[in-house]
Amino acid sequence: MLTTDGFSDLAEGTDVFLASSGRSGTTWVQELINHAHDHRVIFEPFLGTVVPFCRHFERKQYLRAADDSPAFLGPARTILGGDFRNEWTDQYNDRRVYRRRLVKDIRANLLLHWLRRHFPRVPIVFLSGHAGPQQVRAGLRRPCTHRLRW
């Protein structure tokens, strides 16, 4: 739980960890999950170039499930507990009080097994496939090339 500068994250735990590769529809799914704007969205928190306490994480970090290093567990606990504020990670949040939390990261796929082992109560949604909204929109713009026969 975090309360600072009039902002409160009162969520009991992370409601969902949304993972996928880039351009696969995760923002669209994030918007579906958070349609009522009742989730604090923590956007790409393991990105060390913009989240200082994750600076030692590689861009697409891999950790063995048995890795108990405090250097990785500490930041993950902080993230999943919602115990920090950051301009980058909080860019989708416009409310002052949240009681639910959604973590979205497209660079954490190689951490998922490790996250599952160390944080078993956090539901993980892995979005797979290539039929994201970008591809659907591109498909709608293609001209019809077949002729209808009556």
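Trainee: E44 first. Buried or exposed?
Mentor: E44 is buried, at 5% relative accessibility. The cut-offs are under 20% relative accessible area for buried, over 50% for exposed, and partly exposed in between, with a 1.4 Å probe and protein chains only. This is a predicted model, so local features need pLDDT of at least 70 and side-chain atom pairs count only at pLDDT 80 or more, while totals for chains, interfaces and linings use all residues. Residues are numbered from 1 along each chain as its sequence is written, and side-chain values use heavy atoms, without hydrogens and water.

Trainee: Where does E44 sit, then?
Mentor: In the loop between β4 and α2. Helices (H or I, at least four residues) and strands (E, at least two) are DSSP runs numbered from the N terminus.

Trainee: Back up a bit. What's the order of elements in the chain?
Mentor: From the N terminus on, β-β-β-α-β-α-β-β-α-β-α. That makes four helices and seven strands. Of the 150 residues, 42% count as buried.

Trainee: How much of the contact set comes from residues 24 or more positions apart?
Mentor: Such pairs account for 81% of the contacts with a separation of 6 or more. Contact here means heavy atoms within 4.5 Å.

Trainee: Now the core. Which residues have the most contacts inside the largest one?
Mentor: F17, F46, L80, L111, W114, L115 and F119, out of 22 residues in that nonpolar core. At least two core residues come from each of β3 (16–19), α2 (70–80) and α3 (112–118). α2 gives the most, with five residues. A nonpolar core is a set of buried Ala, Val, Leu, Ile, Met, Phe, Trp, Tyr and Cys residues joined through side-chain atoms within 4.5 Å.

Trainee: Which residues of α2 are buried?
Mentor: F72, L73, P75, A76, I79 and L80. An α-helix has 3.6 residues a turn, so residues three or four places apart point the same way. The buried residues of α2 pack against β3, β4 (39–43), β6 (100–105) and α3. After α2 comes G82, with a positive phi near 70°.

Trainee: What does L115 touch, sequence neighbours aside?
Mentor: F17, F46, L80, P120 and I124, once neighbours within four places in sequence are left out.

Trainee: How many cavities of 30 Å³ or more turn up?
Mentor: One, in a search of the whole structure. The space in that largest cavity is about 30 Å³. F17, L80, L115, F119, V122 and I124 line the cavity. On a 1 Å grid over the protein atoms alone, a cavity is a set of points where a 1.4 Å probe fits but cannot get out, a pocket is an open set with protein on both sides within 12 Å along at least five of seven lines, and lining residues have an atom within 4 Å of a point. A volume is the space filled by probe spheres set on the points, which are joined across faces, edges and corners.

Trainee: What classes are in the cavity lining?
Mentor: Six nonpolar residues, no polar and no charged. Ala, Val, Leu, Ile, Met, Phe, Trp, Tyr, Cys and Pro count as nonpolar, Asp, Glu, Lys and Arg as charged, and the others, Gly among them, as polar.

Trainee: And the second largest pocket, what lines it?
Mentor: 14 residues, with E12, G13, L80, G81 and R101 nearest its centre. The lining has seven nonpolar, three polar and four charged residues, and the space in this pocket is about 180 Å³.

Trainee: Different spot. S20: buried or exposed?
Mentor: S20 is buried, with a relative accessible area of 0%, in the loop between β3 and α1 (26–33). Not counting residues up to four places away in sequence, S20 touches T26, D105, I106, N109, F126 and L127. A polar atom of the S20 side chain lies 2.7 Å from the backbone oxygen of L127.

Trainee: And R23, buried or exposed?
Mentor: R23 is exposed, at 62% relative accessibility, and is found in the loop between β3 and α1. R23 and I106 are 9.0 Å apart, C-alpha to C-alpha, and 83 residues apart in sequence.

Key:
Polar contact = N/O pair within 3.5 Å; in protein donor to acceptor, adjacent residues only side chain to side chain.
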